[in-house]
Amino acid sequence: MCDLIFCGVFERHPRLTLAIVEFELAWAPNVLSSMDYTYRERHGEAIYRFKGCPREGGDGMLPSDFFRRNVVLSFQEDAIGIRLRDVIAPTT
């Protein structure tokens with residue numbers, strides 16, 4: 001999932017959806033935070049820059065934005081993940 005986001009697959013194919021099933025939810029907030037931090041602060045690790053990158057005059061898309069737009073999660077039992085749902089996919 002991270003590789004798909006960081007190499008720009010979802011930027012090039014905005015209607016593509018990745019479903020991660022039966023893997024619970026509680027892991028997602030940490031991964032989203034780590035991806036955004038890596039993209040903003042570790043340019044040597046996140047070499048690909050999204051066209052919407054603020055430094056290039058874009059709209060500021062971050063890896064977590066692509067996650068929220070292109071990834072869906074499924075779970076069976078995850079009480080902590082349910083409590084974190086607003087962090088995983090905030091409502092607008």
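Which residues in α3 meet which residues in α4? This is a predicted model, and the close-ups below start with that contact.

**View 1. Where α3 meets α4.** On the α3 side, the residues are A28, L32, M35, D36 and Y39, and they meet P63, S64, F67 and R68 in α4. By type, the residues of this contact split into 6 nonpolar, 1 polar and 2 charged. The axes of α3 and α4 lie 8 Å apart, and the two helices pack at an angle of about 135°.

**View 2. The buried side of α4.** Helix α4 takes in residues 63–70, and P63, S64, F66, F67 and N70 are its buried ones. These residues sit on the same side of α4 because they cover an arc of only 160° around the axis.

**View 3. Inside the largest nonpolar core.** This core holds 16 residues, and I5, M35, F66 and F67 have the most contacts inside it. Two or more residues come from each of α1, α3 and α4, with α3 giving the most, 4 residues.

**View 4. Zooming in on F66.** Setting aside neighbours within four places in sequence, what does F66 touch? The contacts are I5, F10, E11, F50, M61 and V71. One of them, I5, is also among the residues with the most contacts inside the largest nonpolar core, as is F66.

Definitions and conventions. Residues numbered from 1 in each chain as written. Predicted model: local features only at pLDDT ≥ 70, side-chain atom pairs only at ≥ 80, totals over all residues. Heavy atoms only, no water. Buried < 20%, exposed > 50% of the residue type's maximum accessible area, 1.4 Å probe, protein only. Arc of directions from axis to C-beta. Core = buried A, V, L, I, M, F, W, Y, C linked by side-chain atoms within 4.5 Å. Contact = heavy atoms within 4.5 Å. Axes fitted to C-alpha atoms, helices over the stretch in contact; angles between N-to-C directions. Nonpolar A, V, L, I, M, F, W, Y, C, P; charged D, E, K, R; others polar.
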